[in-house]
Amino acid sequence: MPDHRQYVMEYREYGGGPPTRLLCFDLRRVGDDALLATYGGGRHLLNRARIVSLADAQTGEVISDLDSHIVWPTTVPAVDIQKIRQRDKWEWDKKYCLRVIENHFRNKLFALFDYSCVKCSKPGILRTDFKSMEHVPFWRGLERDHHVPISLGGRLTPGNIGVLCTSCNSRKNEKSPQSFYTASELGRVQRYLDKEEPMLRFKFDWEAWRQDRAQYLTGLGIGQGLVNEVLTNEDHRYYAPPSSSAQIEFTIAVDLKEVIKEIEKQNKGRAATGDGEVET
Ligand SMILES: [Zn+2]
């Protein structure tokens, strides 16, 4: 039965820091270790293992038996899945602040998976031939996958991001890892996933960025040639205008697949001299 008691939850976010306090109600189990909590007018997908404490919002009574307060089971409605998917992408982009950094970390993720689909081993294709993407290593045909799907409570967070080719990713869709992979594949994927969290850990360092932008980017492992383009070539896809927070906001990453689609569309209808400039 739905429970309209209100709870104060302390929740440990990925990436550390002090626990978040959340006023919520209607806790629903949506996977082995995922909960959907309603708060305000929204919903929040939570990893159960990250709940630090739960208390009754009115009496302050600490609840130790979490299970008796959870409604079980339910599925995440399709419209929520879509919203969560968009939010996940947005949060990933936001974390890396600059497109050039976002692409760098995406490539690091692909590198971890040997630049190939973890299911069928099909390799990605390296493209560097767009004029407005000079020096950008960009891998086509590979996609990030919610390993535990959104419908079962998985989010696009390190430890839950698989790499699949386009066709395997569309076949996997909302299937659970157990029903998509064989047991031996599952073991292999898990070994990759275990390495993600330290590899994708990142916080934009404003201080270092302001002090020496070129040094900051090369220090992250981004190639010198690309760094030069990003800082000096206004026509470059990843051009970062001289620092100010408002301008940085402007360069926040967008979905690269969309960018490529746009560029290809423009290139098709344009002579090879076209500069590939695209509104975002
Ligand atoms: Zn594949």
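Leaving aside neighbours within four places in sequence, Ala34 is in contact with Leu45, Leu46, Asn47, Arg48, Leu152 and Gly153. Two residues are in contact if their C-beta atoms, placed from the backbone, lie within 7 Å. The model is predicted: local features need pLDDT of at least 70, side-chain atom pairs count only at pLDDT 80 or more, and totals for chains, interfaces and linings use all residues. Residues are numbered from 1 along each chain as its sequence is written.

The protein has 280 residues, and 28% of them count as buried. A residue is buried if 20 or more other C-beta atoms lie within 10 Å of its own, exposed if 12 or fewer do, and partly exposed in between; these C-beta atoms are placed from the backbone. The secondary structure comprises eleven helices and ten strands. Both are DSSP runs numbered from the N terminus: helices are H or I with at least four residues, and strands are E with at least two. Contacts were also sorted by sequence separation. Among those between residues at least 6 apart in sequence, 57% join residues at least 24 apart.

Strand 2 takes part in several pairings. Two strands pair if DSSP finds at least two bridges between them. Strand 1 (residues 6–11) and strand 2 (residues 20–29) are antiparallel and share six bridges. Here Val8 stands opposite Leu23 of strand 2. Strand 2 also pairs with strand 3 (residues 34–39), in the antiparallel sense, over four bridges. In this pairing Arg29 faces Leu35 of strand 3. With strand 6 (residues 70–71), strand 2 pairs in the parallel sense over two bridges. Arg28 has Val71 of strand 6 as its bridge partner.

Nonpolar cores were examined next. In soluble globular proteins, nonpolar side chains tend to be buried together. A nonpolar core is a set of buried Ala, Val, Leu, Ile, Met, Phe, Trp, Tyr and Cys residues joined through C-beta atoms within 7 Å. The largest one has 16 residues, of which Met9, Ala34, Leu35, Leu36, Ala37, Leu45 and Leu46 touch the most other members. Strand 1, strand 2, strand 3 and strand 4 (42–47) each give two or more residues to this core. Strand 3 gives the most, with four residues. Domain 1 (6–74) and domain 2 (80–261) both contribute residues, so this core lies between them. The domain bounds come from an automatic or database domain assignment. Another core, of 15 residues, lies apart from this one and includes Tyr96, Ile222, Val227 and Ala240.

Arg155 sits in the loop between strand 9 (142–146) and strand 10 (161–165). Arg155 is buried because 20 other C-beta atoms lie within 10 Å. Not counting residues up to four places away in sequence, Arg155 touches Leu45, Asp88 and Asn160. Arg155 and Arg85 are 70 residues apart along the chain, yet their C-alpha atoms are separated by 8.1 Å.

Backbone angles were also examined in loops. Most residues other than glycine have a negative phi. Ser121 has a positive phi, near 70°. Ser121 lies in the loop between helix 2 (99–112) and strand 7 (125–127). Ser121 counts as exposed because it has 10 C-beta neighbours inside 10 Å. The phi of His135 is positive too, near 70°. His135 is found in the loop between strand 7 and strand 8 (138–140). With 18 C-beta neighbours inside 10 Å, His135 counts as partly exposed.
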